[in-house]
Amino acid sequence: MSEISDAIRDGAEGFFRTQYGTISKMAILLAFVILGIYLFRNTTPQQEAAGLERSTLAFITVISFLLGALCSGIAGYVGMWVSVRANVRVSSAARRSAREALQVATRAGGFSAIIVVGMAVIGVAVLYASFYVYLGVDKPNSMKLTELPLLLVGYGFGASFVALFAQLGGGIFTKAADVGADLVGKVEQGIPEDDPRNPAVIADLVGDNVGDCAARGADLFESIAAEVISAMILGGTMAKRCKIEDPSGFILFPLVVHSFDLIVSACGILSIRGTRDSSLMSPVEDPMAILQKGYSITIFLAVIAFAGSTRWLLYSDQAPTAWLHFALCGLVGIITAYLFVRITQYYTDYKYEPVRTLALSSCTGHGTNIIAGVSLGLESTALPVLVITVAIISAFWLGRTSGLVESDGTPTGGLFGTAVATMGMLSTAAYVLTMDMFGPIADNAGGIVEMSQQPESVREITDLLDAVGNTTKATTKGFAIGSAALASFLLFSAYMDEVSAYAHQPLTQVDIAIPEVFLGGLLGSMLIFLFSAWACSAVGRTAQEVVKEVRRQFIDRPGIMTYQEKPDYARCVAIVASASLREMIKPGALAVVSPIFIGVSFKILGQYTDQPLLGAKVVASMLMFATVSGILMALFLNTAGGAWDNAKKYIESGALGGKGSDAHKAAVTGDTVGDPFKDTAGPSLHVLIKMLATITLVMAPMFL
């Protein structure tokens, strides 16, 4: 077991070093670009009044960008470091009892999840405190406290920049290896999953760590960072408009909520206990039910912590009941998160109707399986969108009726209400990330058990954990999309605020009846489809290289099938690693360059056609449409992919003819199509949506 685990660890750490070496070079290049832009741009009247020079602003933005990138990289590394060490411990625990294996996997996931969330909070808090002291905030003739959060946007951009490339590179790696291993191993040679005779099996297991653990760690890290910063900006803007005497409560509220998240999630994780009783008489419990119980405990504690922190930080004498309204906004967010997790579970868990219908369609062939999977994915976008609609409207109106008013009596607080709902949604992020990290750890443990040829009873336990892990990975993606939708709505509002501040004139609405603005929206939607296409085709091209290599090894070394020769695992790992680093550049560059190119082109057009702010408006429209298309596209890709995978698992559990039947072969085809959907294009889209929002915040002065 430990020999296999070492091979997985070496592969994962080797790829991680190369991948992050490439990403860090790109980040440093981009830092110089940002420095150049900020040295030659306008400042806001507030910044001029505070005596902030362009050079100071430029260095502040670059430092926060690099710190965000560094922290995001560390968050990814921690996720991978833990998972490559936990997998062998889970396979060892599975030899004793299912409950103990579940406990080891959950605690390992919990450890990395808590570090990821903690890093996001500490990173923003340290930057905030350093700028506060360095700039002498709230002293006479210096910066106002409410202006400070705008200086942190670089941190969010750095985090999402690294997360996008980590998700793309890791996603291409894991799925190309998986598709290659499945197509030749299962379909052509008829050997089981994770069989030691398959030359691509180690590459597949390495991919689970770099694609799921490292990339999802960086993804949720940047979700939290982006949401904290946008909520701080909106809290500061609102406190300034309402002339609240001490705005620090409204600005620091997001950091406090996420600090409580660490405590409530830790309680939820520790509620999952194992037994070391190895008597096989104890019935195997449903791991999903145990994880759900932990989630319910976390939610219950989160509601209490949230209500307490709103009363403590958001109470103001101007509107004594405002804190209650914001506490309800938080409750809306928590309910939204719970509903998202349940809806995704309904569409991807084989206990429910949709996946069973999909499995049944495999009995009539490969084509019907694909049709059923695509239609299931398309249908699964409806319920989440309805939930987001209700959440945003109710949070906005709860905030608007909170009693906080501007100096002229207009009610304000609607947007801050939405921000609080987003915080509520992410207030159990550490536990949800734990459920996500649990998936790849269980998957790896199953691979180690199969490769070290443990007894069937042990493989049954890891198979059960693996199927649950597939569902938890899908539910986390649902959760990440929901939070991305709410967070990008906030970042969009923050962008409008920032443009107004730089342009010295209000930009409160964007009119899509203006042809150029409408075209901006069309380009934004196109960007989502083109990006998804490039991400999927990258997996396809890399998988073809793996398939050729695996076939070559089976022909050149006939002794592999009879266990007389050992496959060359390292060759497959090397092929996938170099190809995924090469393939991640094109879609990533598209995401970074497009908004800047569109903004600058339309700004120049606006100067010739005498339309001020055209560049900023077109970018705003691009952001809106890209967010809407991105949410729907990601929901479709994630759910369809997860459902195909679990339909295959359902047949493998003995239904509809079991392993090796025609239905199983059709289900493997569906799973292969779903692989790049759910693990490459889908998860990269959550990051893309938020990166478009943070890049426009950082580059806003270029569009004016």
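Let me begin with pLDDT, which is the predictor's confidence in each residue, on a scale from 0 to 100. The protein chain averages a pLDDT of 89, and 98% of the residues score at least 70. This is a predicted model, in which local features need pLDDT of at least 70 and side-chain atom pairs count only at pLDDT 80 or more, while totals for chains, interfaces and linings use all residues. Residues are numbered from 1 along each chain as its sequence is written, and side-chain values use heavy atoms, with hydrogens and water left out.

When I speak of helices, I mean DSSP runs of H or I with at least four residues, numbered from the N terminus. Among the elements of the protein chain, the lowest mean pLDDT, 73, belongs to helix α2 (residues 45-49), and the highest, 97, to helix α11 (residues 366-379).

Let me turn to charged pairs. Side chains of opposite charge can pair when their charged atoms come close. A salt bridge here is a side-chain nitrogen of Lys or Arg within 4 Å of a carboxyl oxygen of Asp or Glu, and a search of the whole structure finds 35 of these salt bridges. One of them joins the side chains of R9 and D6, at 3.7 Å from N to O; these two residues are three apart in helix α1 (residues 2-39), and so are separated by about one helical turn. For exposure, buried means under 20% relative accessible area, exposed means over 50%, and partly exposed is in between, with a 1.4 Å probe and protein chains only. R9 counts as partly exposed at 25% relative accessibility, and D6 likewise counts as partly exposed at 33%.

In another salt bridge, E549 pairs with R571, the closest N and O atoms being 4.0 Å apart. Here E549 lies in helix α16 (residues 515-556) and R571 in helix α17 (residues 569-583), so the parts tied together are 22 residues apart in sequence. E549 counts as buried at 6% relative accessibility, whereas R571 counts as partly exposed at 39%. Salt bridges that share partners also build one network, whose members include K175, D178, D466, K477 and D679.

Now the aromatic rings. Rings of Phe, Tyr and Trp (its six-membered ring) pair if their centres lie within 6.5 Å, and planes under 30 degrees apart count as stacked, over 60 as edge-to-face and the rest as tilted. By this rule the count comes to 20 aromatic pairs. The rings of F157 and F161 have their centres 6.4 Å apart and their planes at 65 degrees, so this pair is edge-to-face. Both residues lie in helix α5 (residues 153-188), four residues apart, about one turn of the helix. F157 is buried, with a relative accessible area of 0%, and F161 counts as buried at 3%. Together with F65 and F165, F157 and F161 form one aromatic cluster.

Finally, the cysteines. With a disulfide taken as a pair of cysteine sulfur atoms within 2.5 Å, the count comes to zero disulfides. C213 is in no disulfide, and the nearest cysteine sulfur, that of C71, is 20 Å away.
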